[in-house]
Amino acid sequence: MDILYDDKYHLHLGFYEDNYDYEAIAFKRKSEDIWDIFFDVKGYGIQNITTVNELTLEPFGTRIFSIYNKKINYDIGIQQFKQWLSINKII
């Protein structure tokens, strides 16, 4: 099943603390109240992340998690992105 995204809605989520500079992008699904967050693992040269069988959206990267809500809260998005970076030992 193809996932369609609403091109009117996207949000950049950045992590810029402690000399890090990582950015993910969130896209709102057209038919669901779900935001998929994509991160360009290869573009940042990160080797230790397994992205096999996960949705990839060029040129934005691979889906790393989703937020299940009609509207996305920037602070919550940043918090979850930071948590994902930490869990995966990127920061």
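This is a predicted model: local features need pLDDT of at least 70, side-chain atom pairs count only at pLDDT 80 or more; totals for chains, interfaces and linings use all residues.

Colleague: Which strands does strand 2 pair with, and in which direction do they run?

Modeller: Strand 2 runs antiparallel to strand 1, to which seven bridges join it, and it also runs antiparallel to strand 3, with five bridges between the two. To read such a pairing, look for residues that face each other across the strands: Tyr 5 stands opposite Arg 29 in strand 2, while Ile 25 has Phe 38 in strand 3 as its bridge partner.

Colleague: How does the chain get from one of these strands to the next, and how many residues lie between them?

Modeller: Strand 1 and strand 2 form a hairpin with six residues between them, and Asp 18 in that turn has a positive phi of about 50°. Another hairpin leads from strand 2 to strand 3 through five residues.

Colleague: What is the order of the strands in the whole sheet, and which strands are at its edges?

Modeller: The sheet is open and has five strands in the order 1-2-3-5-4, with antiparallel pairing. Its edge strands are strand 1 (5–15) and strand 4 (56–57), each of which pairs on one side only. Strand 4 is joined by two bridges to strand 5 (residues 61–67), and these two run antiparallel; here the bridge partner of Thr 56 is Thr 62 in strand 5.

Colleague: Which strands does helix 1 touch where it packs on the sheet?

Modeller: Helix 1 (residues 74–87) touches strand 1, strand 2 (22–29), strand 3 (35–39) and strand 5, and its direction makes about 60° with that of strand 1.

Colleague: Why can one strand show its side chains on both sides of a sheet?

Modeller: In a regular strand the side chains alternate between the two faces of the sheet. Lys 8 and Gln 80 are 72 residues apart in sequence and 23 Å apart in space, counted from C-alpha to C-alpha.

Colleague: Which residues touch the most other members of the largest nonpolar core?

Modeller: That core has 20 residues, and those that touch the most other members are Ile 37, Phe 39, Phe 81, Trp 84, Leu 85 and Ile 90. Strand 1, strand 2, strand 3, strand 5 and helix 1 each supply at least two residues of the core, and the largest share, four residues, comes from helix 1.

Colleague: How many aromatic pairs does a search of the whole structure find?

Modeller: The search finds 11 aromatic pairs. One of them, Tyr 22 with Phe 39, is edge-to-face, at 6.0 Å centre to centre and with 70° between the planes. Because Tyr 22 lies in strand 2 and Phe 39 in strand 3, this pair ties together parts that are 17 residues apart in sequence. Both Tyr 22 and Phe 39 are buried.

Tyr 22 also forms an edge-to-face pair with Tyr 44, at 5.1 Å centre to centre and with 70° between the planes. This second pair links strand 2 with the loop between strand 3 and strand 4, where Tyr 44 lies, 22 residues apart.

Colleague: Are Tyr 22 and Tyr 44 buried or partly exposed?

Modeller: Tyr 22 is buried, with a relative accessible area of 13%, whereas Tyr 44 is partly exposed at 33%. Both belong to one aromatic cluster, formed by Phe 15, Tyr 20, Tyr 22, Phe 39, Tyr 44, Phe 81 and Trp 84.

Colleague: Which side chains make polar contacts with the side chain of Asp 36?

Modeller: Asp 36, which is found in strand 3, is buried, with a relative accessible area of 0%. Its side chain makes a polar contact of 2.5 Å with that of Ser 66 and another, of 3.4 Å, with that of Arg 63. Arg 63 lies in strand 5 and is buried as well, with a relative accessible area of 18%. Beyond its neighbours in sequence, Arg 63 touches residues including Ile 3, Arg 29 and Glu 54, and among the residues that Asp 36 touches are Tyr 5, Ile 25 and Phe 65.

Key: Residues are numbered from 1 along each chain as its sequence is written. Side-chain values use heavy atoms; hydrogens and water are left out. Two strands pair if DSSP finds at least two bridges between them. Contact means heavy atoms within 4.5 Å. Axes are lines fitted to C-alpha atoms, for helices over the stretch in contact, and angles run from 0 to 180 degrees between N-to-C directions. Rings of Phe, Tyr and Trp (its six-membered ring) pair if their centres lie within 6.5 Å; planes under 30 degrees apart count as stacked, over 60 as edge-to-face and the rest as tilted. Buried means under 20% relative accessible area, exposed over 50%, partly exposed in between (1.4 Å probe, protein chains only). A polar contact is a pair of N or O atoms within 3.5 Å; within protein, one must be able to donate a hydrogen and the other to accept it, and residues adjacent in sequence count only if both atoms are side-chain atoms. A nonpolar core is a set of buried Ala, Val, Leu, Ile, Met, Phe, Trp, Tyr and Cys residues joined through side-chain atoms within 4.5 Å. Lists of a residue's contacts leave out its neighbours within four places in sequence.
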